[in-house]
Amino acid sequence: MTTTQIPTAVRTRDADAPSKPPRRRREGAAWVFLSPWVLGACVLTLLPMAVSLYLSFTDYDLFNPPKWVGLRNYTQMFTEDPRYWRSVVATLTYVVIAVPLQLGLALVVALALKNMRRGKGFYRSAFYAPSLLGTSMSIALVWRAIFNDGGTVDNLLGTGGWVNKPGWALFAVALLTVWQFGAPMVIFLAGLQQIPTELYEAASVDGASRWRQFLSITVPMLSPVLFFNLVLQTIQAFQVFTPAFAVSAGKGGPADSTLFYTLYLYDRGFVASHMGYASAMAWVLLLVIGAVTALLFRTSRSWVFYASEGDR
């Protein structure tokens, strides 16, 4: 044979096979489907962020054109504004109190629901219901009435109105966050159900107590879920606004004890019309949340256990 002969079956299969669209055409189709998200991200997120960054270096009062002042807003924030540092302290105190209490309560309830045989769906829905309400103004106002003078807490404990005491007002706001533990509870419950029961059975045979099983099996196997909840709730805690606004009537009182960072940012931007200063505060908050999140990811290497890593 002088020429290469191609079998008839091969030629027929190649002719019947559908031709693949060019790579550029496939990429074009992908960008068409992604375009709404890309357009929304640029117009609703990236562009406002760029404008906010520019305004943070200006003196802008919402009524007159912004005037470039360089780093003056940042200098004033860190060296000349004592209320700014009080808002930082109040926010950090809130984060340290609210996040561990919320996650601890969510984990305890999830552990109780895991071993429940009857009414599990009802109790899961009941505990999750407060999270559906969110931190709306109506719920925050009800919470203020409960902890105000003559409210439910005052009538039961005789401690007076928490919202009027500098040492207790912040705890009243933190309890509102702790009360809405439904979302992390559901995530914990899903993680607990993924832990193999064989591990607990083997530990029981070896004589391990319930507490030892919790420390040696539950905590390591649940650590990825715990880490996820920790990052999510920490970010949300830094941005808390509505409860403090409602409890303190928008003033951060008493004695700036509930002057959270976002509440003071709102006061500077929309009450005092110092939008340039408020923009600078917003960017500092963004950087702090990013740094805290990065720190959590950094430390997670020493305490978060992934099953795939144990199989290596």
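These legends accompany close-up views of one predicted model. Residues are numbered from 1 along each chain as its sequence is written, and side-chain values use heavy atoms, with hydrogens and water left out. As the model is predicted, local features need pLDDT of at least 70 and side-chain atom pairs count only at pLDDT 80 or more, while totals for chains, interfaces and linings use all residues.

**View 1. The whole chain, to get your bearings.** The chain has 15 helices and two strands; helices (H or I, at least four residues) and strands (E, at least two) are DSSP runs, numbered from the N terminus. Of its 312 residues, 37% count as buried, where buried means under 20% relative accessible area, exposed over 50% and partly exposed in between (1.4 Å probe, protein chains only). The accessible surface comes to about 19000 Å², and 65% of that belongs to carbon and sulfur atoms; these areas come from the Shrake-Rupley method with a 1.4 Å probe, and for residues only the protein chains shown count as cover. Among contacts (heavy atoms within 4.5 Å) between residues at least 6 apart in sequence, 68% join residues at least 24 apart.

**View 2. Helix 5 meets helix 9.** The axes of helix 5 (residues 120-133) and helix 9 (residues 182-192) come within 7 Å and cross at roughly 140°. That angle makes helix 5 oblique to helix 9. Axes here are lines fitted to C-alpha atoms, for helices over the stretch in contact, and angles run from 0 to 180 degrees between N-to-C directions. Angles under 35 degrees count as roughly parallel, over 145 as roughly antiparallel, 65 to 115 as roughly perpendicular and the rest as oblique. Look for Lys120, Arg124, Phe127, Tyr128 and Ser131 of helix 5, which make the contact with Gly182, Ala183, Met185, Val186 and Leu189 of helix 9.

**View 3. Helix 3 against helix 14.** Helix 3 (residues 72-79) packs on helix 14 (residues 275-299) at an angle of about 70°, with their axes 9 Å apart. The two helices are therefore roughly perpendicular to each other. From helix 3, Asn73, Tyr74, Gln76, Met77 and Phe78 meet Gly276, Tyr277, Ala280, Met281, Trp283 and Val284 in helix 14.

**View 4. Aromatic pairs.** The whole structure holds 18 aromatic pairs. Rings of Phe, Tyr and Trp (its six-membered ring) pair if their centres lie within 6.5 Å; planes under 30 degrees apart count as stacked, over 60 as edge-to-face and the rest as tilted. Phenylalanine 57 and tryptophan 68 are stacked, at 5.6 Å centre to centre and 20° between the planes. Phenylalanine 57 lies in the loop between helix 2 (23-55) and strand 1 (58-59) and tryptophan 68 in strand 2 (residues 67-68), so this pair ties together parts that are 11 residues apart in sequence. Tryptophan 68 is exposed, at 58% relative accessible area. Ring pairs link Tyr54, Phe57, Trp68 and Tyr74 into a cluster.

View 5. Threonine 258 sits in the loop between helix 12 (242-247) and helix 13 (261-271), and is buried with a relative accessible area of 0%. Not counting residues up to four places away in sequence, threonine 258 touches Ala169, Leu170, Val173, Ala244, Ser248, Gly252, Gly253 and Leu263. Threonine 262 lies in helix 13 and counts as buried at 13% relative accessibility. With the sequence neighbours up to four places away again left out, threonine 262 touches Phe238, Gln239, Val240, Phe241 and Leu285.
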